[in-house]
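Here's a quick briefing to read alongside your model. Keep the viewer open and follow along by topic.

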Amino acid sequence: MFHWLEQRPFFFAVMLFLTVAFAGFIEIVPDFAKASQPTVGTKPFTVLELAGKQVYIKDSCNACHSQLIRPFKSETDRYGMYSLSGEYAYDRPFVWGSKRTGPDLHRVGNYRTTDWHENHMMNPSAVVPGSIMPKYPHMFTNNADVATAYANANTQKSLFGVPYDKEGMPALGSWEDAKAQALEDAKKVAADMKNQSVKDAVANGQVPEIVALIAYLNSLK
Amino acid sequence: MQSNAQLEYDYSVVKLFTFTTILFGIIGMLVGVILAFQLAFPELSNLAGEYGTFSRLRPIHTNGVAFGFTLSGIFATWYYVGQRVLKMSLKESKFLMTVAKLHFWLYFITIPLAVVTLIMGITTSKEYAELEWPLDLLIVVWWVLWGVSMFGMIGMRRERTIYVSVWYYMSSFLAVAMLFLFNNMEVPTMFWANGAPSSAMHSISMYAGTNDALVQWWYGHNAVAFVFTTPIIAMIYYFLPKESGQNVFSYKLSVLAFWGLMFVYLWAGGHHLIYSTVPDWMQTMGSAMSVVLILPSWGSAINMLLTMKGEWGQLQTSPLIKFMIMASTFYMLSTIEGPIQAIKSVNAIAHFTDWIPGHVHDGTLGWVGFMVMAALFHMAPRIFKRELYSKSLMETQFWLQTVGIVLYFTSMWIAGITQGMMWRAYDEYGSLLYSFIDTVTVLHPYYTLRAVGGLFYLIGFLLFAYNIFKTMTSGRVLDKEPANASPMAS
């Protein structure tokens, strides 16, 4: 049979494709059939938090930090309750990471504060002596892309049925509504911060990256 | 043209891809060395503002070496090996020649665009699939062009039976096409912006959470399979027998190893998700199939080693053979190491630690890097029609790089296992013994050692680039093509 195939590239390619595709078919199809359901209390990210997640992705935080707590005592003692599939139901893309050069962040909102993040992002080794994390001062001057975060949320709502604007869920509304709401949320974060230029920027209707990022990190619980 | 006449092969596209293999190799490896030094000396992360941080540069390194260096090497060798084992020349078809040229140029513009977008922070965050949707579309175009050239060339062949190397190249084309398409299913968000001035480059994944992770590692693991494994096997199946003048040891073993690899490899993706939230049976399947994978992997490697049966003396006389045998040996090492890491209890310690990049690098530096360079060394006298410039330089490069790789993986083994054990250490009262930062500072000496190892490898690569450059410009001109062993000046 192999001799026969090796002289007929077309059938060879077909056979090859079926052999390769087989595993993917068996593994992926059943899981999609019962797409993961949100756990009770899981909410989609607000526009500001999504803008923060975009900052997280832009600076590839996931290159060094995981968001996946494995079911071991040493992990639950360190990071909190192990991760559940449903908690990621609105995580698009997933940002589990594959390497812990730094600690896990899946529940960082439970044990770090706005103030801590502010100092830490400016100069990590001042907060955690010996830290090898880069400094991220540019996040204090660059503005977060709230418009794209809105488009992001609206795509999730329109295309994937993520329950924005439902009862008890974050409101989205029009771009104008969402922008106003994001600024409102940003003010709450900035109120806990010390950096004057960030506070001024928020007062002037801007959202520095650091504010959005902290909103996102605080939402990880 | 008669089938027994000497065919004149066309190497213009081979040369172009050879240049980019070297160019992107230097860039990708240089960034890798910078990253390694940044982990050892973190101040280096803040020399270029937001554009020089570890996190921004990391995707440039991974994409640069995987899709810059390795893919270039794959395409260069495909256009060389393809013409030869199929007994056809690109000169015979204007259409295929155009397709091949277009393939090169579209590929060539993609890489700088990738670097620029990644350094700006435009990324999807999915590993080895970071590029945003417009670039993904561009990649689809040149991938299809590669397929057209491949099947076009196969269609024009004079050799009825297609050689093992072609099976492997074909598998890379087909599998990567499938994996890439499914993993990069992404929706540009600008179409739902509702009037908000959003970014045109931004997209989100079609899949969420656990499903996204599943598709990502089904892709991520098998990108390794079909970029770092199968095309490299394709190379060794052609270049080792050719350079050594030996027949491949066993046809049956090639068939077994090929179909075995094709069937088993895709299952193993699940081993990236052990103890995650994907269904248990997939994790177990990923773990078990990873162990099964040793069989076809070692099948190919042993087939190659046995090809040298009775001819081991060549190891002493030819650095080129040395590169290929070392590559094959590193392939055996990393294909036994991977399955070990995929065992659940080992994975509990190894996952998330530096043992993983350690494992990746003994595969990529030892197996992929050595084999691609050996292929280029073998091709150089034939495409430039000149003698290789310096054998002693090859020897120096070989040892420098081998020492570099050994420093790299040994330091990462120690770092990974140290950290994995420290994360789970308890004191007598049942409290965690170490805070996270303790497990970071302890790694400093290993990070430094790794950076030095990487630097050795990079220097070796620069020697390689210099050697090829000198071969091209001032090697002794050959009057006829060498049949087997590549001629080299001492």
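Helices (H or I, at least four residues) and strands (E, at least two) are DSSP runs, numbered from the N terminus. This is a predicted model, in which local features need pLDDT of at least 70, side-chain atom pairs count only at pLDDT 80 or more, and totals for chains, interfaces and linings use all residues. Residues are numbered from 1 along each chain as its sequence is written, while chains are lettered from A and ligands numbered from 1 in the order in which they are written.

**Helix H2 of chain B**

- H2(B) covers residues 54-86, and its 33 residues should span 48 Å at 1.5 Å a residue; the expected span is 1.5 Å times one less than the number of residues. The C-alpha atoms at its ends sit 45 Å apart, which agrees.
- There's a bend of about 35° at Gly64(B), taken as the angle between axes fitted to the seven residues ending there and the seven starting there.
- H2(B) is mostly covered, with 31 of its 33 residues buried. Here, buried means that 20 or more other C-beta atoms lie within 10 Å of a residue's own, exposed means 12 or fewer, and partly exposed is in between, with C-beta atoms placed from the backbone.

**How H2 and H4 of chain B pack**

- The axes of H2(B) and H4(B) (residues 133-155) come within 10 Å and cross at roughly 15°. Axes are lines fitted to C-alpha atoms, for helices over the stretch in contact, and angles run from 0 to 180 degrees between N-to-C directions.
- That makes H2(B) and H4(B) roughly parallel to each other. Angles under 35 degrees count as roughly parallel, over 145 as roughly antiparallel, 65 to 115 as roughly perpendicular and the rest as oblique.
- The crossing of H2(B) and H4(B) is left-handed, meaning that the near helix is turned anticlockwise from the far one by less than a right angle (clockwise would be right-handed).

- Some background first: most residues other than glycine have a negative phi, and most peptide bonds are trans.
- Going from Arg92(A) to Pro93(A), the peptide bond is cis, with omega near 0°. Pro93(A) sits in the loop between helices H4 (73-79) and H5 (114-122) of chain A.
- Ser125(B) isn't a glycine, yet its phi is positive, at about 80°. Look for Ser125(B) in the loop between helix H3 (94-119) and H4 of chain B. Ser125(B) counts as buried because it has 22 C-beta neighbours inside 10 Å.
- Asn194(B) is not a glycine either, and has a positive phi of about 60°. The loop that holds Asn194(B) runs between strands E1 (186-188) and E2 (203-205) of chain B. With 19 C-beta neighbours inside 10 Å, Asn194(B) counts as partly exposed.

**Sequence distance versus space**

- Ile22(B), in helix H1 (residues 12-40) of chain B, is 446 residues from Ile468(B) in sequence but 9.2 Å from it in space, C-alpha to C-alpha. Ile22(B) has 23 C-beta neighbours inside 10 Å, so it counts as buried.
- Glu209(A) belongs to helix H10 (residues 209-219) of chain A. Its C-alpha lies 6.9 Å from that of Gly52(A), 157 residues away along the chain. Glu209(A) counts as buried, with 26 C-beta neighbours inside 10 Å.
- Asn347(B) is in helix H12 (residues 344-350) of chain B and counts as buried, with 24 C-beta neighbours inside 10 Å. The C-alpha atoms of Asn347(B) and Ser435(B), 88 residues apart along the chain, are separated by 21 Å.
- Leu432(B) is in the loop between helices H14 (391-423) and H15 (436-441) of chain B. With 17 C-beta neighbours inside 10 Å, Leu432(B) counts as partly exposed. Its C-alpha is 9.0 Å from that of Met422(B), ten residues away along the chain.

**Domains of chain A**

- Chain A is divided into domain 1 (2-33) and domain 2 (47-219), with bounds that come from an automatic or database domain assignment.
- The C-alpha centres of domain 1 and domain 2 of chain A lie 42 Å apart.
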